[in-house]
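Welcome! Please take a moment to look over the sequence and the 3D view before reading on.

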Amino acid sequence: MGQSTAEILKLSNEAPLTGISQLNFRRLIENTADGILVVDLSGTVLYANPAAARIFGHTPDDLIRVPLGLPVVSGETADITVHRPRRPPADVEMRTVEVSWDAKPALLASLRDVSAQRAQEERRRQSQKLEAIGRLAAGIVHDINNLIAVFESGLRLLQKQLADDPTNPNTAILMEELLRRAQNGGALAQQLLAFSRRQSLAPETVDLNARIQSLTMLLERTLGSGITIRRDLDSELGPVLVDANQLDVAILNLAVNAKDAMAGKGTFSIKTSNAPEDIEDVRSLAASFVRVTVHDTGCGMSKEILAQVFEPFFTTKGEGTGLGLSQVYGFVKQSGGHIRIESAVGEGTSVHLFLPRRQE
């Protein structure tokens, strides 16, 4: 095994490459898993190791003297997309340091192909969405069957009224009720389509209170009739910058966990706050966030369980993948926010989501 890229970067940053022979330098990095490029100050490739050549889809010799352009500012890490012949584009993390090459200033770029990792993360996000939909499926099917039964009985009654007395005013009332039921069914279908749609994280300006209100119907069906839903929404709440679809999935996952904790009976509360200054670890950044607190009156969790709840695949239930809270944690962190959970056995659970405020 060769030296790590970090060691190589440290070596090249602390001492000019002319302090060691280029042959010895190449021996250090020929076998590293990360791609290494050296470019001059005009962006022309002076050196490429085999890993870098594989990332670009060429041989090392083919890359020499190729004008790739200058990378990001020295010392910074950036995500780039590498387009290559006859292969899909590669997602690459790149970091650069200043070095000397043949006694001339140059830049050394460390490249890591993270395409497989990003693809795995995307598959995991889809798995989380599918899990959320799967948990809803039984309740949704029950609601749809009830809706069909209402339509069937309503249409039979309408048929009888039209046959007996076409001018009966109750006929119009019945038709309005059937139309309203149809709209409810359409809203359910749209919610399911939103959750199943395959899309990457796409932040947008979101009215958080309105979004929570629009989820009420779906939450009622998720939680069941034994659980009361309470909302305490700050009327002065500012807009947030998040992926609206992932926000829906996060709230739904919290609702499903709350339902399990309450065994189908209790109170599920959602509170929004414009000034989350009471949480110590984000007090200095309070002006940059709004808070959503989800609370349940369930069984609560011990300190041992609380320490593991955000880990992927950790679950205290006999079924499910355990990805629910992991999805919530990942969504909040990817959005640039913070998350905190408070719980004690027999005292219920509160999950605080600190979401980035949309800056004017």
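Residues are numbered from 1 along each chain as its sequence is written, and side-chain values use heavy atoms, with hydrogens and water left out.

The protein chain has an average pLDDT of 76, and 72% of the residues reach at least 70. Confidence is lowest in helix 1 (residues 5–14), with a mean of 47, and highest in strand 9, at 94. Helices (H or I, at least four residues) and strands (E, at least two) are DSSP runs, numbered from the N terminus.

Residues 1–18 have a pLDDT below 50, and beyond near neighbours in sequence this stretch has 31 contacts in the model. Contact here means heavy atoms within 4.5 Å. Residues 318–323 also stay under 50, with 16 contacts beyond four places in sequence. Where pLDDT is low, the predicted coordinates should not be read in detail.

## An antiparallel sheet

Strands of a sheet pair through backbone hydrogen bonds, either parallel or antiparallel. In this report, two strands pair if DSSP finds at least two bridges between them.

Follow Leu-37 to see how strands line up: Leu-37 stands opposite Ala-48 in strand 2, and the bridge partner of Leu-37 in strand 5 is Ala-109. Strand 1 (residues 35–40) is joined to strand 5 (residues 104–113) by six bridges, and to strand 2 by three. Strand 4 (residues 87–101) runs antiparallel to strand 5, with 10 bridges between them; Val-97 faces Leu-108 in strand 5.

## The turn between strand 4 and strand 5

Strand 4 and strand 5 form a hairpin with two residues between the strands. Asp-102 lies in this loop, and its phi is near 55°, a positive value in a residue other than glycine. Ala-103 is found in the loop between strand 4 and strand 5 as well, with a positive phi near 65°.

A second open sheet is built from five strands in the order 7-9-10-12-11, with mixed pairing. Strand 7 (227–232) and strand 11 (338–343) stand at the edges, and each has a single partner strand, so one side of each is left without a neighbour in the sheet. Neighbouring strands of this sheet are turned by 15° against each other on average, direction ignored. Strand 10 (residues 289–296) and strand 12 (residues 349–356) run antiparallel and share eight bridges. Across from Arg-291 is Phe-354 in strand 12.

Ser-343 and Cys-299 are 44 residues apart in sequence but 9.1 Å apart in space, C-alpha to C-alpha. Leaving aside neighbours within four places in sequence, Ser-343 is in contact with residues including Gly-300, Leu-306 and Thr-349.

Helix 9 (residues 244–262) lies across strand 7, strand 9, strand 10 and strand 12, running at about 150° to strand 9.

How do helix 8 and helix 9 pack, and at what angle? Their angle is about 25°, with the axes 9 Å apart. Helix 8 and helix 9 are therefore roughly parallel to each other, a label for angles under 35 degrees, while over 145 counts as roughly antiparallel, 65 to 115 as roughly perpendicular and the rest as oblique. In this contact, Leu-219, Thr-222 and Leu-223 of helix 8 meet Ile-251, Leu-252, Ala-255, Val-256 and Lys-259 of helix 9. By class, the contact has six nonpolar, one polar and one charged residues. Here Ala, Val, Leu, Ile, Met, Phe, Trp, Tyr, Cys and Pro count as nonpolar, Asp, Glu, Lys and Arg as charged, and the others, Gly among them, as polar.

How values were computed. This is a predicted model: local features need pLDDT of at least 70, side-chain atom pairs count only at pLDDT 80 or more; totals for chains, interfaces and linings use all residues. Axes are lines fitted to C-alpha atoms, for helices over the stretch in contact, and angles run from 0 to 180 degrees between N-to-C directions. pLDDT is the predictor's confidence in each residue, from 0 to 100.
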